[in-house]
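Visitor: I have a structure open and I'd like to learn how to read its features. Could you walk me through a few?

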Amino acid sequence: INRGEAGISAWLDAVRDKYPYWSVFISPELTDTEYAAGKALESLGGQVQVAKEKDLHLGIAVRSFRAEHLSNFVKALLDCDKVSASALLKSHLQRYPITLTRDLAVAKNWIRAQARGTERYGLVASSGAERLKPHAIDIRYNVDPVQWFLGPDSDTRSSFYLEDAATEFQVQGLELDWACVTWDADLRFGEQSWTYHGFRGSKWVNVNAPDRRQYLLNAYRVLLTRARQGMVIFLPPGFVHDHTRSPAYYDTTFDYLTNLGIPLLAG
């Protein structure tokens, strides 16, 4: 996990390489693109006894009455299935607010206004979001997950302060009530699909390795599914005088998300 979100394929590879004498029972749904396990399944099938059992697939999230359809929406969004994503947003996520803004202050004000009582909220960001620093979000800062998730609203280290963003590594398997997903230029929507980038030195470079691309896509899958009650997505406007934050790096993703029907918060 420290090298990236490899997903279920890493487990299958480990079984093939280390435990070829095992009998493996899997869900038939693992062939879906969400799990990125196709090649691993092919290589596993020739060496390990594999049985498919439909009851092993947990297809409905039960952690929140509002988020039951969120995973399907995020999957469609990341699969660039615009029709399905738009339909799910319109028909099944009316009680799970998802909003979009290009102003981080607006995002913070919105998320504070949504939370009731002890409901927890916080900023999350990809571990590759290197150019959010101008917005005072530095993913290189080592967040203490214990303080971030459990600290009271009077503790500057807690998520409540909306100062430190937790990455996919720190929030994997954990949840907030409300999340502000800060989206950088590492994952960008192109003409019809995603483009993948890493920040090296003083510039963005293309990510070409298939496994690294999948890690990045899975990172955003984690970030977009952390909230039980609702979320706001912050997409920076970019800055024309900074070649590392060109508006073109962000505008196409913003247009994609708004075209899905995600409403824009008023400034």
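Visitor: How many salt bridges does the count come to?

Guide: A word on the source before that: this is a predicted model, so local features need pLDDT of at least 70 and side-chain atom pairs count only at pLDDT 80 or more, while totals for chains, interfaces and linings use all residues. Residues are numbered from 1 along each chain as its sequence is written, and side-chain values use heavy atoms, with hydrogens and water left out. Now the general idea: side chains of opposite charge can pair when their charged atoms come close. The rule asks for a side-chain nitrogen of Lys or Arg within 4 Å of a carboxyl oxygen of Asp or Glu. The count comes to ten salt bridges.

Visitor: Which residue does Asp13 meet in a salt bridge?

Guide: That's Arg16, at 3.1 Å from N to O. Both sit in helix α1, three residues apart, about one turn of the helix; helices here are DSSP runs of H or I with at least four residues, strands are runs of E with at least two, and numbering starts at the N terminus. Asp13, Arg16 and Asp17 are linked in a salt-bridge network.

Visitor: Is Arg16 buried or exposed?

Guide: Buried means under 20% relative accessible area, exposed means over 50%, and partly exposed is in between (1.4 Å probe, protein chains only). Arg16 counts as buried because its relative accessibility is 19%, whereas Asp13, at 27%, is partly exposed.

Visitor: Which parts of the chain does the salt bridge between Arg228 and Asp177 tie together?

Guide: Those two side chains meet at 3.3 Å, N to O. Arg228 lies in strand β10 and Asp177 in strand β6 (residues 176-182), so the pair ties together parts that are 51 residues apart in sequence. Arg228 is partly exposed at 24%, while Asp177 is buried at 11%.

Visitor: And cysteines: how many disulfides does a search of the whole structure find?

Guide: You'd look for a pair of cysteine sulfur atoms within 2.5 Å. The search finds zero disulfides. Cys180 is buried, with a relative accessible area of 0%, and Cys80 counts as buried at 18%.

Visitor: Last one: where is Thr225, and what does its side chain contact?

Guide: Thr225 is in the loop between α8 (210-223) and β10 (227-234). Its side chain makes a polar contact with the side chain of Arg226 at 3.0 Å. A polar contact is a pair of N or O atoms within 3.5 Å; within protein, one must be able to donate a hydrogen and the other to accept it, and residues adjacent in sequence count only if both atoms are side-chain atoms.
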